[in-house]
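Open the model in your viewer and keep the sequence panel beside it. This tour goes from one selection to the next and says what is there.

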Amino acid sequence: MNIHEYQAKQVLGGYGIPVSKGKVAFSAEEAVKVADEIGGSLWVVKAQIHAGGRGKAGGVILARSLDEVKAATSKILGKTLVTHQTGPKGQLVRKVYIEQGCDIDKEFYLSMIVNRQTESVSVMASQAGGVDIEEVAASMPEKIVTFSIDPVSGFQPFHGRKVAFALGLEAQAIKQMITMVAGLYQAFVKLDCSQIEINPLVLTTQGNLIALDAKVSFDDNGLIRHPDIEALRDTDEEDPAETQAHEYELSYVKLDGSIGCMVNGAGLAMATMDIIKLHGGEPANFLDVGGGATKEKVSAAFKLILADQNVKAILINIFGGIMRCDVIAEGIVAAAKEVHLSVPMVVRLQGTNGELGKKILKESTLKIISEDDLSQAAACVVKSIRGAA
Ligand code: ADP
Ligand code: MG
């Protein structure tokens, strides 16, 4: 799950990460009020969307008076911002962050990610901040310093010094960096993050470090432990299908193919996608309904698949272990009737109450092809599309 910059700064501020004074605003009038509260003579008006690259796209504007704050907010609010991270459709700006402006001496890059290869949290730092790190990685990889933090011993002050020296910091900024890396690591581990990116992390002309931008992503599987973080979810920024899947606790990822899949178990779902490809088809999605799915859950999963315009056929592959095939069959029949199923559907039901499940499917008036063998089922669903075309 991703959150907005203003939320990320609030979260990280709680772990001692220095951030500028700021507040979110939903209208130009509110923006002026907020700027007045913050005080000073330089503000930055920043579009709040779940995507970076806002600066280059006109979503970050410096303002030197309250009138300029008002004008900048009016310009950004309600606009669809297209950045290199939003895709061509862009993202509608529904709120702005009004932040105190600062005098920047240098812009750096600092991030932490879960590194699956080293099975630890990796730190990445670069003197080339404020720009795309992918660009730096491609053209000047020597400008990026990377190392992992041992999960057993955890953060040690030398980790902070390593970053400080890589960025060429001096005196008080070195001390600040040690505190910052410590705080970021603590937040990362405690909150089950998958990524924290500070770009830019700036050194001000007064010699202080400030996190000027912040992107924090959380591991969805850890959210159950953090209701306060879950509360920061902004569904306006998410893919509607994935939001719906989340509500029903379904693991759903949309793909580009034409065969909708409903499977129980992530491993079986992967195998199902593989076998569809083996038979020359392309899966339209990954969908794991989980081990203990209910009739309602199956019905929701089914509607999710059918809402995708690309879906030309459906393959349901369920192995009934904890889950009973008759429950699945009832869910399928109920949902198919409700949404007026118009594409071919192949169902493979195996395991607990398998026969009963197949009987329910057969006795419904729906056009469902029942197959016991997975390879046959995949071949059949691929053929059904070819037949239609
Ligand atoms: P994005 O990464 O989406 O483009 P950033 O928050 O990184 O957005 O802002 C882009 C640039 O705007 C920064 O690299 C920095 O130069 C400038 N900037 C952002 N916030 C401030 C601020 N509070 N004071 C001064 N400059 C800022
Ligand atoms: Mg940035």
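Select Cys 261 and show its sulfur atom. The closest cysteine sulfur belongs to Cys 380 and lies 14 Å away, which is too far for a bond. A disulfide is a covalent bond between the sulfur atoms of two cysteines; the cut-off used here is a pair of cysteine sulfur atoms within 2.5 Å. A search of the whole structure finds 0 disulfides. Cys 261 counts as buried, at 1% relative accessibility. Cys 193 is buried as well, at 6%. Buried means under 20% relative accessible area, exposed means over 50%, and partly exposed is in between, with a 1.4 Å probe and protein chains only.

This is a predicted model, in which local features need pLDDT of at least 70, side-chain atom pairs count only at pLDDT 80 or more, and totals for chains, interfaces and linings use all residues. Residues are numbered from 1 along each chain as its sequence is written, chains are lettered from A and ligands numbered from 1 in the order in which they are written, and side-chain values use heavy atoms, with hydrogens and water left out.

**Stop 1: Glu 5 and its partners**

Select Glu 5 next. How far apart are the closest N and O atoms of Glu 5 and Lys 9? They are 2.7 Å apart, and the two residues form a salt bridge. The term stands for a side-chain nitrogen of Lys or Arg within 4 Å of a carboxyl oxygen of Asp or Glu. Glu 5 and Lys 9 are 4 residues apart in helix 1 (residues 5-13), so about one helical turn separates them. Helices (H or I, at least four residues) and strands (E, at least two) are DSSP runs, numbered from the N terminus.

Glu 5 is buried, with a relative accessible area of 4%. Arg 54 is buried too, at 7% relative accessibility.

**Stop 2: helix 12**

Go to helix 12 (residues 354-363) and select Lys 358 and Glu 355, which lie 3 residues apart, about one turn of the helix. Their closest N and O atoms are 3.4 Å apart, and the pair forms a salt bridge. Elsewhere, salt bridges that share partners join Glu 5, Lys 9, Lys 46, Arg 54, Glu 99 and Asp 213 into one network. Over the whole structure, a search finds 19 salt bridges.

Asn 353 has a positive phi of about 55 degrees although it is not a glycine. Its relative accessible area is 33%, so Asn 353 is partly exposed.

**Stop 3: ligand 1**

Zoom in on Arg 54: one of its polar side-chain atoms lies 2.7 Å from an oxygen atom of ligand 1. Then select Gln 100, where a backbone N or O atom lies 3.1 Å from a nitrogen atom of ligand 1. Cys 102 likewise has a backbone N or O atom 3.1 Å from a nitrogen atom of ligand 1.

**Stop 4: two backbone details**

Select Asn 199 and Pro 200, which are joined by a cis peptide bond with omega of about 10 degrees. Pro 200 lies in strand 10. Finish at Ala 171, in helix 6 (residues 171-190). Ala 171 is not a glycine, yet its phi is positive, about 40 degrees. At 63% relative accessibility, Ala 171 counts as exposed.

Terms used. A polar contact is a pair of N or O atoms within 3.5 Å; within protein, one must be able to donate a hydrogen and the other to accept it, and residues adjacent in sequence count only if both atoms are side-chain atoms.
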